[in-house]
Amino acid sequence: MRRRQFLAAACAASAGLAPGPGRAEDAWVMPPRMERPDVATDEGGLWALMDREEAKLRRSPFAIRDAELRSYVQEIICRLAGDHCPDVRVYLVRNRYFNANMAPNGMMQVWSGLMLRVDNEAQLAAVLGHEIGHYLQRHSIDTFRDARSRSAFGVFLGMFGVIGLVGQLASVAGAFANSRGNELQADRIGLSLMSKAGYDPAEAAKVWENLLLEAKANPAGDPTKNSPMFATHPPMADRKDTLAQLAAALPRGVTNEKTWQEKTAPYRREWLNEEVKRGQFEESIALLSRLMQRSPEQPDFVCARADVYRMRSSDTDLNAALADYQAAIALGGEPPEAHRGMGMIYRQRDQPAETKKSFTRYLQLAPEAPDSAMIKNYLEELGA
Amino acid sequence: MCTAALSHTGFAHAESLNLAPGFETLPKGAKVVIMPTDIELFSLTAGGVQEPKADWTEAASRYFRAALIAREKALGLTATELNKDDADELSDVNFLHAAVAQSIALHHFGPSNLRLPTKDGKLDWSLGESVASIKQKTGADYAVFSWVRDSYTSSERAMAMFALALVGVGVHGGSQVGYASLVDLNSGRILWFNKLARASGDLREPEKAKETVKALLEKFPVAK
Amino acid sequence: MITITNLKRIAIAAILIALTGCVSVTKVDSGDRAVGERLQLHLDGAWNQINAPSVVGPNCQSWTMEGLTVDQILVYSGLKNDEPIHYQAGGSSEKKVFKFHSNMQPEQIVALYEGMLTRDGSTFTLKKLEPAMFGGVKGFHFEYTLVRKTDNVQISGTGSGAVSKGELFAIVYQAPQLVFYPRHQARVAHIIQSARLKA
């Protein structure tokens, strides 16, 4: 059994060295479920400390404990992981950056910044499938052994932890990336799992295409500072190309965009607010513009972009913000904050009639808002 | 007015430093719950940066816990631990205690110029009714919390230290910082607190972990 | 302001600062107290003031009852245009500085605090923002909760202040939601109510 596993891995790895339309994916066989290794082995030691990290995650106030959302994501993972489903445990985390990670003990983390950015189940499946690929092939053991021998193991652990400054990880990127061969293998396996689960493999490249768009919007910025994922994986452009190429040979499938949008809808405004508060104006505008284009009927994205313009408030920004707020309102179902945002701009510009109109509407839509007393006060000042 | 304040005062009143006013000893056979230890081990790189060492921490965690329970039992106390579910549910109290303990370590056991005048030199901190949930879950009357941060000099640093020592510059080699506290689960008062700050000690092996626990629980207030 | 963005860092930094002898803690006695040139307060019970001239700016005082990692009151008296609301450690790699501007509206001042408090990944939720008198001048009052990234403690906070002659006068208090915030809340409310601003 071990030998077959080894051969399967070797085949996939060697095939991985020559990218091209893949017979190699068909040769890959899912390894059997893993037994918990002996604590005395280094693999066993790694599991044990991952269990500790998992306990921290379980107790963290940053974990999203919503049972419905969690079981929905768990189902997607199960479809991908097949027989390994019982060994994978998903944790959703409140964190505004794009990241997902799977530890050798079966613990999978997904950050809210990622859930905001993926358009559909297929794109989520692409990322999670890739991580499951690393897990199935035990790549982190290789990285762990390598890191250990470099005696900088603790930073490796930081990749799996909830706590950790993202910026720090950028500086150790090279040391903890999987080998090129392992990365390619995980991409191939990820696509294979996606495909077998019925998802459209063409969506995998789109994930990176979308992230590239955001990264390019900030020419001065360093994408590796935006996510541990960027710091430890091959450059986004390369991945996008590789994945597109590999996907070309696989059958089409579903994306389940509608279901994904429905299931994440309760969190949309919260995640958008977190994104806006990042204060990375160019990146946020690029992201939000893309989301607006994708979902033109959704006022939340337009309103969020308006908020970013208003925050940046350079010469033309306030006009751009007003235009976006108005567009959001025209769509209907707009967040009450759209009216507040407009009111703030009109107030700044000393336009009392418009200010009154906007703030009044805001209070109508959100009478219990935390700042309702302050807004009422602004209205009273105007003699409303 | 900036004058150096390097000495730790208070050794003359060592006992009142560790004990809350009016408290002396735990009754023998008192039921004590051992809260999960917060422990991290680090390696100091040549540049003096602390890198967490998760594999060391994992081992140390196990040895420390075993040594702590054994020691409490040896002191004649009924020591219990929390199960995983209870530990999860009580994590808020654990986090709160850690924040308070850091302040005690800083403002009561730290340099004299950081003392808080309103505390009047006394160990006078209480977690109030936040500990009621611990009592509820365990039936214990007291809880022991502990926290350890241990850093070791990596070989690069040892080399750098040696080189600098040759030219007469002293460099910090590594240290062990920890605390243990005893909390009354009826009032929330911190009855006893000890801080460990020393340059030696090794938690990576069971015997050495026992020794660290012994140092941390030195003068743990039990009726003789 | 000594903001707890990293417990370990503050503990180490505090120890380093203390060792150079430039920090002291003095008692803020019960009774009347002048802070800066224009702010007058009345205290009902003593507090502890952290004096660290190289760390905390001249127009901001930092007080605590139980310790820096537990509770903190920040008292701003005459913070000027372009002055930061927090301290910046020397040689820090911080790119973002949170500066007060005289033309800021209350919601912008709150956003400034939010930005400062969340730069380490902590999450901030505004609970209330309302107009309020402060020191006899029209100002604002806000309440918030914070989940602190470094140690996972859930924090409650409150602030009251006003901008007078282009300068910020404010009192911001925060402490763990569990036990500590309620413990000192009434006394803090008294300090805020007692505030008087000289013209």
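## Helices H4 and H6 of chain A

The crossing that helix H4 of chain A makes with helix H6 of chain A is right-handed, in a model that is predicted. H4(A) covers residues 67-81 and H6(A) residues 121-136, and the two pack at an angle of about 55° with their axes 10 Å apart. Since angles from 65 to 115 degrees count as roughly perpendicular and those under 35 as roughly parallel, H4(A) and H6(A) are therefore described as oblique to each other.

On the H4(A) side the contact is made by Ile76(A), Ile77(A), Leu80(A) and Ala81(A), which meet Glu121(A), Leu124(A), Ala125(A), Leu128(A), Gly129(A) and Ile132(A) of H6(A). Sorted by class, the residues in this contact of H4(A) with H6(A) comprise eight nonpolar, one polar and one charged.

## The four-stranded sheet of chain A

Chain A holds an open sheet of four strands, arranged in the order E1-E2-E4-E3 with mixed pairing.

Chain A is divided into domain 1, spanning 2-247, and domain 2, spanning 265-381. Twelve residues of domain 1 of chain A are in contact with twelve residues of domain 2 of chain A. On the domain 1 side, the elements that contribute two or more residues are helix H5 (112-117) and helix H12 (202-216) of chain A, and H5(A) supplies the largest share of that side, four residues. The residues on this side of domain 1 of chain A are divided into four nonpolar, four polar and four charged.

## Helices H15 and H17 of chain A

A further helix pair in chain A consists of H15 (residues 257-277) and H17 (residues 299-312), which pack at an angle of about 20° with their axes 10 Å apart. Because angles under 35 degrees count as roughly parallel, H15(A) and H17(A) are therefore roughly parallel to each other, and H15(A) passes H17(A) in a right-handed crossing.

From H15(A), the residues Arg268(A), Arg269(A), Leu272(A), Glu275(A) and Val276(A) meet Asp300(A), Ala304(A), Asp307(A), Val308(A) and Met311(A) of H17(A). The class division in the contact of H15(A) with H17(A) is five nonpolar, no polar and five charged residues.

## A three-stranded sheet in chain C

In chain C, three strands form an open sheet in the order E2-E3-E11, and the pairing is antiparallel. Its edge strands are E2 (31-35) and E11 (196-197) of chain C, each of which pairs on one side only. E2(C) and strand E3 (residues 39-43) of chain C are joined in the antiparallel sense over five bridges, and Arg33(C) is found opposite Leu41(C) of E3(C).

How values were computed
Residues are numbered from 1 along each chain as its sequence is written. Chains are lettered from A and ligands numbered from 1 in the order in which they are written. This is a predicted model: local features need pLDDT of at least 70, side-chain atom pairs count only at pLDDT 80 or more; totals for chains, interfaces and linings use all residues. Domain bounds come from an automatic or database domain assignment. Two residues are in contact if their C-beta atoms, placed from the backbone, lie within 7 Å. Ala, Val, Leu, Ile, Met, Phe, Trp, Tyr, Cys and Pro count as nonpolar, Asp, Glu, Lys and Arg as charged, and the others, Gly among them, as polar. Axes are lines fitted to C-alpha atoms, for helices over the stretch in contact, and angles run from 0 to 180 degrees between N-to-C directions. Angles under 35 degrees count as roughly parallel, over 145 as roughly antiparallel, 65 to 115 as roughly perpendicular and the rest as oblique. A crossing is left-handed if the near helix is turned anticlockwise from the far one by less than a right angle, and right-handed if clockwise. Two strands pair if DSSP finds at least two bridges between them.
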